[in-house]
Amino acid sequence: MLSQADPLSQNLFNLDLDTWRPLRTKLTPVFTSRKLKEMFVLISECSDHLVDYLEKLVKETNTIECHEVTAKYATDVIGNCAFGIEMDALANEDSEFRRIGRDVFRPPLTHRIRNTIKEYWPKLFDFLGHIVPDSEITSFFTRVIVDTMAYREKHNIVRHDFVNTLMELKNSDKLGDFDLTDSLLAAQAFIFFAAGYETSSTAMTNVLYELALNQKMQDRLRDEIDQEYLKHGNDFAYKNVLEMVYLDKIVKGMS
C-alpha cells in the first residue's frame with residue numbers, strides 16, 4: 001500500500017471516505033471558536049516573544065524578511081497550541097521544527113525525487129518505499145507525536161489541544177474498520193502543522209507588506225489596537241480582538 005511507503009500520506013486530504021468521515025468528525029472540534037478562546041493565552045505568550053524578537057531584530061538590521069519572521073511565529077503558535085511543545089523558533093535559529101517546516105515546502109533534492117516517483121509512478125514508489133528509508137519529515141513527525149503522547153500518558157498530563165484529541169482517538173474504541181496506528185495519527189498531526197503553518201505565515205506576510213506601503217492605514221490600525229489595550233490592559237481577551245472592526249477589514253482585505 002502507498003500508505004506503507006509514505007505514512008504521512010494517510011492524512012485527511014488523502015483518505016478514503018470510510019476512514020475520512022469518522023476521523024473528520026472527531027477532529028473538527030479542534031477548529032472551533034471555543035478552542036481558539038482556550039488557546040488565546042498561549043497565542044498571546046507567543047506574541048510577546050514576537051515583540052521581543054522584533055525589538056532585537058530592528059537593532060541589528062534595517063531590513064527584515066517578513067515571511068521568515070511570520071513563519072517562525074506561526075511555528076511557535078502551532079507548536080504551543082496544537083502540540084503543547086515550546087518550538088522556540090523565534091529565539092533559536094536552529095529550531096528543528098522551523099527547519100522541518102522549510103523542508104515541507106522547499107524540500108531537498110532527495111525529497112523531490114521521492115515525490116516525483118510517488119506522483120508519476122505510484123506502483124514503483126510503493127515498492128521502493130520498503131527499500132528507501134523514510135524521509136526525515138516522516139520520521140520527525142512520527143517521533144514527535146509518539147513521544148509526546150507517551151510522555152503525557154506516563155505523567156497524566158491533559159492539555160486541550162490537538163495532541164490530546166489524538167490521544168483520545170487512540171484510546172477510544174475503533175472508529176471504523178481501520179486501526180488507529182501511530183503513523184495514521186502522525187499523518188493528521190503533519191497535515192495540521194503544514195496547513196496551518198504556511199497559510200498563516202503567508203497571510204500575515206501579505207498584511208505586513210500592504211501596511212508597509214500604506215502608512216495611513218498602518219497608523220489607523222495601530223491606533224485601534226492601542227485603544228483596545230488601553231481599555232482592557234492585562235484583561236485583554238479573545239473577545240476584544242473580535243471587537244476590532246478595522247483590524248478585521250485589514251486582515252480580510254489584504255490576506
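**View 1. The whole chain.** The secondary structure of the protein chain comes to 13 helices and 0 strands, where helices (H or I, at least four residues) and strands (E, at least two) are DSSP runs numbered from the N terminus. This is a predicted model, in which local features need pLDDT of at least 70, side-chain atom pairs count only at pLDDT 80 or more, and totals for chains, interfaces and linings use all residues. Residues are numbered from 1 along each chain as its sequence is written, and side-chain values use heavy atoms, with hydrogens and water left out. The C-alpha trace spans about 60 × 40 × 35 Å along its principal axes.

**View 2. Confidence by element.** The chain averages a pLDDT (the predictor's confidence in each residue, from 0 to 100) of 84.

**View 3. The length of helix 11.** The 18 residues of helix 11 (residues 215-232) should span 26 Å at 1.5 Å a residue, and the end C-alpha atoms are 26 Å apart, which agrees. The expected span is 1.5 Å times one less than the number of residues. Gly233 follows helix 11 and has a positive phi, near 55 degrees.

View 4. Leu221, Glu224 and Glu228 are buried (under 20% relative accessible area; exposed is over 50%, partly exposed in between; 1.4 Å probe, protein chains only). Seen down the axis, the buried residues of helix 11 fall within an arc of 55 degrees, so they line one face of the helix; the arc is that of the directions from the helix axis to the C-beta atoms. On the other side, Lys216, Gln227 and Leu230 are exposed.
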